[in-house]
Amino acid sequence: MAASPPSTAAQGATTLALSLLALVIWSIASLDTSHVGGSNDDHIYDQNYQQSDGKATSDDAVQISWTLKNHNGSITVPAFFPSLVHLDLIRAGIIQQPSVGLNEGIYRWIIDEPAWTYTADLSSLVARHAHHYDHFHLYFQGLDTVADVYLGDQHVGSTHNQHRSHVFDVTECVHALSDHITSPHRNLTIRFSNPNAYAAGKARAGRHYSDQREAPTTSRSSRYQYPNRMFIRKQQSDFGWDWGPALVPCGPHQPAYLIGLGRRAEVHGAQPAALPVAKRHASDDFFVQRHSFDIYRKGQRNNLAPDQDANWIVNVTLSILSSWHADVPKIRLAIPELDLYTFDVLLSSPVRPGLNEGLHATFELPSSGHYAPALWWPVGHGEAKLYDALIRSDELGIELSTRVGFRTAVLSQAAVTAQEVRDGAQPGSRFQVEINGVAIYVQGTNVVPFDTLGPRTSPRYVRWLLESVLAAHQNLIRIWGGGSYSSAELLSLCDELGLLVWTDAMFAASLYPADATFLADVEAEVAEAVPLLSSHPCVVALVGNNEGELYFLGGYGHRDDDAALQVEYDRLFNVVVRDAVLSRSRSLSYIPCSTTTGYLALYPDYVPRYTRGVGGELYGTGENYNYDMRQSFNVSTYPRSRFVVEFGMMSMPSIYTWDRVLVDLHEGDGDGRGDRGERYEFNGTQVQNHNKHMPAGSLEYPWNATEGQGEMTWGVQTNFPVPLPRRRRRRNGAEMDAHEDEVGAKRELLAQWSYTTQCFQALYVGAQILYYRLGATRAERNRGLVVWQLNDVWEGSSWSSIEYGGRWKVSPARPGPAQPASCPCSKNMVD
């Protein structure tokens, strides 16, 4: 039977895959605090990640220990895998949490290191198993980002894309290692080079994209702290954003596996139970690296409404590592709950030694009658019905199991009909989500990365966030394009919960290169992402990028080279990314940009509308950010849009979250009085440096975010009584110690400011929610709103509804019983 990674279910198989690098996720200590939204920090952090000692913790006899060292070897510490450099340094006690105090700037030396190196001694494993198999491959599910991999003294591969997996044939290296007895000849070494240096090198050879400091009115990229982020395929918010820090982490952030194929005859009787293995569908010769299901109606085309009575098509795609030939490989499909079992179907190509990508076979299932599946529906519209689907192959020994749902999902931009215009709709094109032919009104929220240091995120925390979305009566999350592609685990949760997902490809707030090398890397990246996304009924669309159209359509002024920039943009998003989606899925809708005016033609080539609209017609999506607090409740300033993909207002986190990160920077000074509460000052250095709006646009640090602080102040002053310091307190009839009272008074005042900024945020966002919802009956026929933003990546001021750690703000989307639409205050300066 064929081996497969741990994310794939198995049915009674023997394994030959040596899962030696990431059988478990290793430990990191949690923060020592009690103020995390009514829970302990294990709500945030993965407990498996916290409790291991850095070695494989299964019952196997082979244990892999990792070390991390910096460029000159002055730092050497035990390491985890998966992990990031920052996490290993925290566990070793070399640094504290980067979010505390001014640590973000203090720890820039980590980012500036030329290289960080992870090393593991494979002596024990090689000695026991190198002669048992003919072929070996290293399979990395993700390396962040610029890495060189060595086995012994042999270079086996390089990476420069965080969003891709990597497979390296290491057969010769492993067999050569067996001839060496001691380290370092049997070391596995991963050297992570400085990502900023890599991006700078690419930038010197490419087009220059001016930022807001260079060209305040005509920028073609938004810089937050570190420059050149558009030249490297790495999570873009790692370089800073207007709601999070710039840590630029690196390291082996995803699991990895050493795979042995082609067991030699003399050891066939050996039992692999002692190996550190992922016990999946094992085979002597085949390993299923990835598998996916694309389910759609017969005759369906992307973005267009299908025939809802047509039969179902199930397209199964496999990526297989092989050590042998299979000239006529066949697979069959079974859905036991439906008593449905198909005949064998030929795969699209023979299987050859090495990595075989994109092998597929298609099955047709009935849409009615005894064997017809029930439909999957989003929350509020029916049951999110899922089935266990099994794939088997006698020739390959494959037995795969996954959960699937049957539904059609279309992001429709069909023309508004003449009848709809007669009924009062504004002419133009629609923008609406249709599930199984039914238009769904979207009330959603934008999701940013869950943590600046992703590997420590707890699955329980992710589930809690998603369940909170449902409790707040929302039905869609948008995975924003400046982060990373969703994990299979997150998408499976959304399938289960009936929560719709809109996901961007990972491009945000910038124009991007369009040279051949960059385009080829992006094509491979999207080709890997699409099968995962299309396998989940919750996913309704893949969107090429976040806000890119604004950079050459006048959103940031006009430049002489805009026409050339548009050509490059079209090549990347209207051709390369679009073709990568359409050639691998029929079930996904694709649009090039989140904020868009839509298209003039969809097939055979995509022809964007851009500025070629007809007067009086309405198209595409809109967003709204207005920091003129005099206009906050003037509804004439709100966009009249078919679909509002972003809108929001920033606020401070609660005082309990501030307590976690604001520290006495003068503790231990001569007078013993510390900072006298300066850390709690509204415009103090620490508070301001936990507000990234507006961003520095440079490496200046500390950066006083006077604009963001001023906007929150203005919002409070315009709409609420201004928080005032209290009088000096007494305890048991006596005055409190002056220092104690001063610190307490400043903390209490900041608590009042934090709460009041949240109240303003709630009122302003709530007023917009009502306005857009009522737009469903106005001429614009609004069909969706997506609040910016659900969550935080750290403890700081932002647009979030939920603070880092899980505490809800005073949000109009706060969980509670459904209420009729109501608006606290609004005015229309025109009507």
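How many bridges pair β11 and strand β12 (residues 312–322), and in which sense? They pair in the antiparallel sense over 11 bridges. This is a predicted model: local features need pLDDT of at least 70, side-chain atom pairs count only at pLDDT 80 or more, and totals for chains, interfaces and linings use all residues. Residues are numbered from 1 along each chain as its sequence is written, and side-chain values use heavy atoms, with hydrogens and water left out.

**Overall make-up**

- The protein has 16 helices and 33 strands. Helices (H or I, at least four residues) and strands (E, at least two) are DSSP runs, numbered from the N terminus.
- Of the 831 residues in the protein, 60% are buried. Buried means under 20% relative accessible area, exposed means over 50%, and partly exposed lies in between (1.4 Å probe, protein chains only).
- Among contacts between residues at least 6 apart in sequence, 74% join residues at least 24 apart. A contact means heavy atoms within 4.5 Å.

**Sheet β11-β12-β16**

- This open sheet has 3 strands in the order β11-β12-β16, with antiparallel pairing. Two strands pair if DSSP finds at least two bridges between them.
- The edge strands are β11 (286–297) and β16 (354–365), and each pairs on one side only.
- Neighbouring strands of this sheet are turned by 15° against each other on average, direction ignored. Axes are lines fitted to C-alpha atoms, for helices over the stretch in contact, and angles run from 0 to 180 degrees between N-to-C directions.
- Arg290 has Ser319 in β12 as its bridge partner.
- Asn303 lies in the loop between β11 and β12. Phi of Asn303 is near 75°, a positive value in a residue other than glycine. Asn303 is buried, at 6% relative accessible area.

**Sheet β19-β20-β21**

- A further open sheet of 3 strands runs in the order β19-β20-β21, with antiparallel pairing.
- β19 (409–412) and β21 (438–440) stand at the edges with a single partner strand each, so one side of each has no neighbour in the sheet.
- Neighbouring strands here are turned by 35° against each other on average, direction ignored.
- β19 and strand β20 (residues 432–435) pair in the antiparallel sense over 4 bridges. Leu411 stands opposite Val433 in β20.

**Strands β5 and β8**

- Strand β5 (residues 133–140) pairs with β8 in the antiparallel sense over 4 bridges. The bridge partner of Leu138 is Phe168 in β8.
- In a regular strand the side chains alternate between the two faces of the sheet.
- A cis peptide bond joins Asp144 and Thr145, with omega about -5°. Thr145 is in the loop between β5 and β6 (147–151).

**Helix α10 and its surroundings**

- Helix α10 (residues 488–497) has buried residues at Leu490, Leu491, Leu493, Cys494, Asp495 and Leu497.
- These buried residues pack against α9 (459–471), β23 (476–479), β24 (500–504), α11 (516–534) and β25 (539–545).
- Just after α10, Gly498 takes a positive phi of about 75°.
- β25 also pairs with β26, in the parallel sense over 4 bridges. Val543 stands opposite Ile591 in β26.
- Strand β26 (residues 589–593) is mostly covered, with 5 of its 5 residues buried.

**Second largest pocket**

- The second largest pocket has a volume of about 790 Å³. On a 1 Å grid over the protein atoms alone, a pocket is an open set of points where a 1.4 Å probe fits, with protein on both sides within 12 Å along at least five of seven lines. Grid points are joined across faces, edges and corners, and a volume is the space filled by probe spheres set on the points.
- It is lined by 29 residues, of which Asp242, Tyr556, Tyr625, His693 and Met694 are the closest to its centre. Lining residues have an atom within 4 Å of a point.
- By class, the lining has 16 nonpolar, 6 polar and 7 charged residues. Ala, Val, Leu, Ile, Met, Phe, Trp, Tyr, Cys and Pro count as nonpolar, Asp, Glu, Lys and Arg as charged, and the others, Gly among them, as polar.
- A cis peptide bond joins His693 and Met694, with omega about -10°. Met694 is in the loop between α14 (685–689) and α15 (706–719).
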